[in-house]
Amino acid sequence: MDFTLTDEQVAVRDLASQILSERSTPERVTEVEAGDEWFDRDLWAELARADLLGLCLPEADGGGGFGELELALVLEQVGRASAPVPLVPTVVYGARTIAAFGTAEQRAAWLPGVVAGDVVLTAALTERFDPFPPAVPATEAERRGDTWVLTGAKALVPTAHLAQRVLVPARTGDDTSTVFLVDPGAAGVALTRNTAVNGEPLSDLSLDGVVVPDADVIGAVDGGAEVVAWLDERAVAAWCAVQAGVCEAALRLTATYTSERRQFDTPIATFQAVAHRAADAYIDTEAVRLTAHQASWRLAAGEPAGEALAIAKFWAGEGAQRVVHAAQHLHGGIGVDVDYPVHRSFRWAKHVELTLGGATAHLRRLGALLAKP
């Protein structure tokens with residue numbers, strides 16, 4: 001991969017950086033976090049006006065026609081600003097999956113609304129608090145005439161309290177599944193709210209005889225494994241990109257603080273131990289960013305991305321934790337102040353790590369991939 005960005009990619013990154021740095025200040029994030037929605041609607045509307053919500057949707061659906069790498073550049077800025085906006089669930093989980101597998105009617109019904117900032121989407125991929133989507137869900141869908149009836153439960157669904165539709169994989173055979181577009185306000189749907197370590201609401205989704213018409217099947221019947229695998233790869237790449245931005249924010253805060261904090265009339269940034277710790281954090285941050293870019297680039301190019309995604313997930317977990325721990329330690333006593341922005345970076349990094357799953361599991365997957373003949 002050539003890591004040099006094109007002029008268009010630089011413009012996309014800079015536009016996202018400008019909007020998010022101006023609109024999602026620490027004070028504004030604190031204000032939004034104090035509310036019930038955990039959703040900066042003003043920022044969401046501004047991202048829509050700048051055409052960043054539809055940036056990576058097909059031009060035929062009103063989008064910009066860009067790919068995974070351009071989306072990763074935007075998501076980095078979301079992570080850097082700790083912005084409370086549902087960009088990953090709406091665009092990656094929902095809109096791009098509908099664009100790839102949905103019917104013309106489904107695309108017309110939902111994608112223009114996403115581009116305009118009027119529609120929020122998400123997907124319910126996990127069950128029983130396992131961060132990885134199951135090969136075959138325990139949630140079941142039974143065919144009744146020209147409708148389906150869904151029964152089961154999904155765990156920790158992001159943005160479900162805001163979403164107009166949730167993509168729900170359900171078992172439709174002994175070892176097959178199908179993905180359905182479910183209205184979270186429909187009869188038989190219940191949401192139980194939890195709170196992630198970064199303050200984001202995550203909902204447990206209960207389905208008790210929820211009726212879904214054939215028109216709301218995403219992809220082919222019994223083709224859910226293909227849809228979920230496609231979605232999961234892009235979701236992983238997206239969260240790794242967010243984590244790169246989180247690490248950069250923590251590193252920049254640390255660089256500023258250590259250059260201004262003085263001991264013995266000397267900036268502590270000049271102390272050898274501090275400089276070495278910061279340098280290690282910089283190397284880890286670049287590793288998180290470059291492995292995330294590599295995974296996104298391979299997906300955009302249509303190349304096999306399993307190994308690149310496993311490597312990116314490892315760095316987004318293990319490397320990012322080293323970065324935010326270093327940031328906390330180098331801030332000394334102020335690092336434990338929950339009102340100081342470096343604490344927010346720490347909580348976001350842990351949230352992304354938990355969303356992706358532990359680093360050990362990713363190393364095992366990578367080992368299995370490398371061991372294949």
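On a 1 Å grid over the protein atoms alone, a cavity is a set of points where a 1.4 Å probe fits but cannot get out; a pocket is an open set with protein on both sides within 12 Å along at least five of seven lines; lining residues have an atom within 4 Å of a point. Grid points are joined across faces, edges and corners, and a volume is the space filled by probe spheres set on the points.

This is a predicted model, in which local features need pLDDT of at least 70 and side-chain atom pairs count only at pLDDT 80 or more, while totals for chains, interfaces and linings use all residues. Residues are numbered from 1 along each chain as its sequence is written, and side-chain values use heavy atoms, with hydrogens and water left out.

**The chain**

The protein chain has 11 helices and 10 strands. Helices (H or I, at least four residues) and strands (E, at least two) are DSSP runs, numbered from the N terminus. The radius of gyration is 21 Å, close to the 21 Å from the globule rule for 373 residues, so the chain is as compact as a globular protein of that length. That radius is taken over C-alpha atoms, and the rule is 2.2 Å times the number of residues to the power 0.38. Along the principal axes, the C-alpha atoms fill a box of roughly 80 × 50 × 40 Å.

Of the 373 residues, 52% count as buried. Buried means under 20% relative accessible area, exposed over 50%, partly exposed in between (1.4 Å probe, protein chains only). Among contacts (heavy atoms within 4.5 Å) with a separation of 6 or more, 71% join residues 24 or more positions apart.

**Cavities and pocket**

The structure holds four cavities of 30 Å³ or more. In the classes below, Ala, Val, Leu, Ile, Met, Phe, Trp, Tyr, Cys and Pro count as nonpolar, Asp, Glu, Lys and Arg as charged, and the others, Gly among them, as polar.

| Space | Volume | Lining by class |
|---|---|---|
| Largest cavity | about 110 Å³ | 11 nonpolar, three polar, one charged |
| Second largest cavity | about 50 Å³ | six nonpolar, one polar, three charged |
| Largest pocket | about 510 Å³ | 20 nonpolar, three polar, four charged |

The largest cavity has a volume of about 110 Å³. Of its 15 lining residues, Val 85, Leu 87, Val 88, Pro 89 and Trp 239 are the closest to its centre. Two or more lining residues come from each of α4 (68–81), α5 (87–101), α7 (224–260) and α10 (341–356). The largest share, three residues, is from α5.

The second largest cavity is lined by Glu 68, Leu 71, Ala 72, Leu 75, Val 92, Arg 96, Arg 234, Ala 237, Ala 238 and Ser 296. Here α4, α5 and α7 each supply at least two residues. The largest share, four residues, comes from α4.

The largest pocket has 27 lining residues. Thr 126, Pro 131, Leu 156, Leu 354 and Thr 355 lie nearest its centre. β3 (147–158), α7 and α10 each give at least two residues to this lining.

**Val 342**

Val 342 sits in helix α10. Its relative accessibility is 1%, so Val 342 counts as buried. Leaving out residues up to four places away in sequence, Val 342 touches Leu 253, Ala 327, Gln 328, His 331 and Gly 335. Gln 328 is 14 residues from Val 342 in sequence, and their C-alpha atoms are 7.0 Å apart.
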